[in-house]
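Grab your viewer and let's take a walk through this fold. We'll go by helix pairs, then the sheet, then the ligand.

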Amino acid sequence: MINPGRPRNQSRSTRSMPFSGLEYADPKKKGNLIGKILLAAALTALCIIMLKQSPSFNTTNVFSKHEEGVTHVLVTGGAGYIGSHAALRLLKDKYRVTIVDNLSRGNLGAVKVLQELFPEPGRLQFIYADLGDAKAVNKIFSENAFDAVIHFAAVAYVGESTLDPLKYYHNITSNTLVVLESMAAKGVKTLIYSSTCATYGEPEKMPITEETPQVPINPYGKAKKMAEDIILDFSKNSDMGVMILRYFNVIGSDPEGRLGEAPRPELRNHGRISGACFDAARGIINGLKVKGTDYSTADGTCVRDYIDVNDLVDAHVKALERAKPSKVGIYNVGTGKGRSVKEFVEACKKATAADIKVDFEPRRPGDYAEVYSDPTKIRRELNWTATHTDLQESLKIAWRWQKAHRDGYGST
Ligand SMILES: NC(=O)c1ccc[n+]([C@@H]2O[C@H](COP(=O)([O-])OP(=O)(O)OC[C@H]3O[C@@H](n4cnc5c(N)ncnc54)[C@H](O)[C@@H]3O)[C@@H](O)[C@H]2O)c1
């Protein structure tokens, strides 16, 4: 199903050409023409026969029908960092996967990796579409028989959200409404929603539990909180099974080196701490700037909860397995342990073996001192616990991929 760039111009221009000579054709040429038409008809028939015999011919049909024993999951944003890792795990676990992504921030290279790993018909299809296009989304839901949706697709940079808030409300809140409406219309019964600790804002008490009041302080967090509210209001009168997962700071990548985090170069300025560390290690930027050394934390720098993407994906699979009709589950997904920026930078230096220059600067407005989760609820109810908690090891794995993919997926 990969077909993001059909060369439309080419087919139009060739289609219009033959008509120009027809009116003045002589009988000889007419004979030629009939011969050509017959040849074309024969070739077309041959192509259809060959296509029907090819193993992938029935792919569309397979995706459009529910099949006993097979769970078909729509992964929105599956060409992105977390979505691609989730798709890999789902495919390994024998789920049928449809990825919908507009590639605004994701990478077709990630989808290609997945397709090469799972080429069998009926395993994975990619649909290039924008979730803001309700007509396109409805069509996707009409043509495919989904059993569940994992809704990752979003723009996801706090800094960018303060500069362009409408983009965030549109892309996160409004698009979630579009997805939910299509799910309701087509009776798709399970939704796993990607939310974030940014919905909590700056709580007074640590660690953050699911009961901690949600008072987001930036448009990204607010847009996600609104999307959560829409889902929760809808679920009150619906038999949909809903799981809302609020992730903390995601790091790491596939231990086998097939996938990684490859944000687009234009997003570098909004980047996350791990991206900045790797960029510094590669000499793309001139070292790291740690903003704020006078917070009331053990070493004065901000503290965050870093969750490895492999653990995060595992939480999604557990949520998917345990989702029940008419039930809502809300879970923090974090390690429960805060790590300071200084600790992170030290781990990154060791993981990359690079002598990263670090400048300590005054605080950046809007940063909060400490954020870490209480993962008790998800451990108790979903039997999930973070296992990849060695920061240096997670960064080492991610660094291996970064080193081998200097231009992200562009070089694969
Ligand atoms: N990375 C983190 O630390 C983190 C933390 C908390 C929550 N999250 C959430 O996890 C989800 C995935 O984040 P990520 O880090 O993988 O980001 P990402 O940018 O790597 O992936 C997002 C994907 O969504 C796609 N997308 C965006 N808008 C779309 C649209 N309108 N239509 C179709 N596709 C669209 C992008 O092209 C991209 O492939 C997001 O919802 C994000 O808010 C991420």
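How are α12 and α14 oriented to each other? Before the answer, a word on ground rules. This is a predicted model, in which local features need pLDDT of at least 70 and side-chain atom pairs count only at pLDDT 80 or more, while totals for chains, interfaces and linings use all residues. Residues are numbered from 1 along each chain as its sequence is written. Helices (H or I, at least four residues) and strands (E, at least two) are DSSP runs, numbered from the N terminus.

Now the answer. The axes of α12 (residues 341-352) and α14 (residues 391-404) come within 8 Å and cross at roughly 50°. Axes here are lines fitted to C-alpha atoms, for helices over the stretch in contact, with angles from 0 to 180 degrees between N-to-C directions. The two helices are therefore oblique to each other; angles under 35 degrees count as roughly parallel, over 145 as roughly antiparallel, 65 to 115 as roughly perpendicular, and the rest as oblique.

Who does the touching? On the α12 side you'll find F344, A347, C348, K350, A351 and T352, and they meet L391, Q392, L395, K396 and W399 of α14. Contact means that the C-beta atoms, placed from the backbone, lie within 7 Å. Seven nonpolar, two polar and two charged residues make up this contact, where Ala, Val, Leu, Ile, Met, Phe, Trp, Tyr, Cys and Pro count as nonpolar, Asp, Glu, Lys and Arg as charged, and the others, Gly among them, as polar.

Next, turn to α4 (81-92). Helix α4 packs against α11 (residues 309-322) at an angle of about 60°, with the axes 9 Å apart, so this pair is oblique too, and the crossing is right-handed. From α4 come I82, H85, A86 and R89, which meet V309, L312, V313, H316 and V317 in α11. By class, that gives six nonpolar, two polar and one charged residues.

One more helix pair: α6 (residues 134-143) and α8 have axes that come within 9 Å and cross at roughly 35°, with a right-handed crossing. A134, V137, N138 and F141 of α6 touch V178, V179, S182, A185 and K186 of α8.

On to the sheet. Seven strands line up as β3-β2-β1-β4-β5-β6-β11 in an open sheet with parallel pairing; strands pair if DSSP finds at least two bridges between them. At the edges sit β3 (124-128) and β11 (328-333), each pairing on one side only. Neighbouring strands are turned by 15° against each other on average, direction ignored. Look at β4 (residues 148-151), which pairs with β5 over four bridges; there A148 stands opposite T190. Helix α8 packs on this sheet, touching β1 (72-76), β4 and β5, and its direction makes about 180° with that of β4.

Finally, the ligand. It is surrounded by 27 residues, with G77, G80, I82, G106 and A154 the closest; being near means a C-beta atom, placed from the backbone, within 6 Å. The elements giving two or more residues to this shell are α4, α8 (165-186), β5 (190-196) and β7 (249-251). The largest share, three residues, comes from α4. Overall the shell has twelve nonpolar, twelve polar and three charged residues.

Conventions. Contact = placed C-beta atoms within 7 Å. Left-handed = near helix turned anticlockwise from the far one by under 90°.
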